[in-house]
Amino acid sequence: MNQLQNFTKGFIKENPVFVLILGMCPTLGVTTSALNGLGMGLATAFVLIMSNIVVAAVKGFIPDKVRIPSFIVIIASFVTIVELTMQAYLPDLFAQLGLFIPLIVVNCLVLGRAEAFASKNNILSSAIDGAGMGLGFAFALTLLGGVREILGGGAIFGNKFIEGDGMLVFVLAPGAFLALGYLIVIIKKLRKTA
Amino acid sequence: MAKTESTFINMLLTLVIITGVSATILGFVYEATKGPIEVSKMKKKNAAIEAVVPAFTNNPGQESYDVEVEGGKVTFYPAKNGDEIVGYAVETYTMKGFAGLIKLMVGFLPDGTINNIAVLEHKETPGLGDKMEKSKSNFSVQFNGKNPETFKLSVTKDGGNVDAITASTISSRAYCDAVKRAYDALMKGGKK
């Protein structure tokens with residue numbers, strides 16, 4: 001597999017949300033608007049890239065039996081860095097996502113890539129894998145957030161284009177499941193025909 | 001490169017080194033972001049104070065004091081123009097929101113009239129309860145210029161004077177509860 005494929009697989013072919021169905025908690029929880037989805041996606045992408053790089057760099061030194069706790073510590077450190085930085089410089093976004101940022105630690109996507117990819121590949125491939133997967137995740141969250149925002153609020157990225165309320169159920173929790181379900185169907189269909 | 005064996009001493013060393021390095025890095029990041037976090041919190045609070053009371057010349061953040069009411073306390077930020085008090089910004093809260101805690105900054109004129117209200121923090125449902133935010137609907141405007149002495153702080157359904165947000169009676173009730181708490185505190189010795 002060349003590096004380009006390694007990068008692009010995260011978008012459609014192995015998209016973490018639509019195909020691997022990983023990281024469902026933030027996916028369903030924060031995607032009430034496209035902007036929230038994008039912010040959460042980028043935060044996760046950063047953690048994913050950095051943790052993949054570090055895990056790939058230190059994998060030789062870590063004894064097998066303690067590899068999971070070691071990965072968790074590495075991931076948790078990056079998540080805390082993101083949390084503090086966001087709180088300091090992007091307080092508005094942090095106010096929206098606050099609760100979900102620490103939960104990136106337990107996002108199975110991040111640990112999943114560390115375990116399944118970074119611990120078996122070199123630093124460059126791991127960084128590219130992290131970037132592809134992370135941006136794929138961000139793409140999926142933005143798409144889902146956008147769909148919910150359009151249907152639920154008649155707006156996109158906060159810009160209202162329809163007066164009134166829209167179908168509120170899409171902004172509420174059940175709408176997350178509905179929108180995600182239909183998006184998965186559409187992506188499946190696309191993958192079959194492509 | 002050969003994989004490190006999973007012996008006790010190796011595992012111990014690995015975990016100690018990894019946690020040690022992580023803790024050190026986080027310590028530095030914490031130190032570096034502590035200042036900006038304080039500043040951004042302060043800025044937000046000051047913006048809220050400025051929004052709810054008439055123009056002032058002092059620094060209300062430095063003259064704040066707490067007043068106890070019904071098992072909790074609210075924080076007062078007196079706004080002064082020279083030596084004369086022009087209003088009180090009261091940071092109040094309620095736990096009765098649809099999703100729990102709601103924090104408001106309520107601005108009173110010295111006679112107890114509500115000048116303006118800003119929402120500091122809430123987790124209400126987007127599209128329903130979040131209409132309590134000024135940018136999303138006119139709900140909060142109806143309080144402006146009203147004195148709770150004559151303006152009953154509960155929704156019309158409960159016999160009050162407040163028009164609730166459509167389909168968000170719980171959020172509206174909670175909002176009234178928070179404003180009432182601020183008013184009670186003001187009357188109970190918040191004035192200075």
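B:Phe139, B:Phe143 and B:Tyr175 together make up one aromatic cluster, where rings of Phe, Tyr and Trp (its six-membered ring) pair if their centres lie within 6.5 Å, and planes under 30 degrees apart count as stacked, over 60 as edge-to-face and the rest as tilted. This is a predicted model, in which local features need pLDDT of at least 70 and side-chain atom pairs count only at pLDDT 80 or more, while totals for chains, interfaces and linings use all residues. Residues are numbered from 1 along each chain as its sequence is written, chains are lettered from A and ligands numbered from 1 in the order in which they are written, and side-chain values use heavy atoms, with hydrogens and water left out.

Over all chains, a search of the whole structure finds five aromatic pairs. One of them joins B:Phe76 and B:Tyr88 edge-to-face, at 6.3 Å centre to centre and 75° between the planes. B:Phe76 belongs to strand 2 (residues 72-81) of chain B and B:Tyr88 to strand 3 (residues 84-97) of chain B; helices (H or I, at least four residues) and strands (E, at least two) are DSSP runs, numbered from the N terminus. B:Phe76 is buried at 0% relative accessibility, and B:Tyr88 is buried at 3%, where buried means under 20% relative accessible area, exposed over 50% and partly exposed in between (1.4 Å probe, protein chains only).

| Salt bridge | N to O distance |
|---|---|
| A:Arg67 and A:Glu115 | 2.8 Å |
| B:Asp177 and B:Lys96 | 3.5 Å |
| B:Asp184 and B:Lys180 | 3.6 Å |

B:Asp184 and B:Lys180 both lie in helix 2 of chain B, four residues apart, which is about one turn of the helix. B:Asp177 is buried, with a relative accessible area of 17%, whereas B:Lys96 is exposed at 54%. A network of salt bridges links B:Lys96, B:Asp177 and B:Arg181, and the charged end of B:Arg181 also sits over the ring of B:Tyr93, 4.7 Å from its centre (NZ of Lys or CZ of Arg must be within 6 Å of the ring centre and within 35 degrees of the ring normal).

Between the chains, 29 residues of chain B are in contact (heavy atoms within 4.5 Å) with 27 residues of chain A, and the count of salt bridges between chain B and chain A is zero.

Terms used: Salt bridge = Lys/Arg side-chain N within 4 Å of Asp/Glu carboxyl O.
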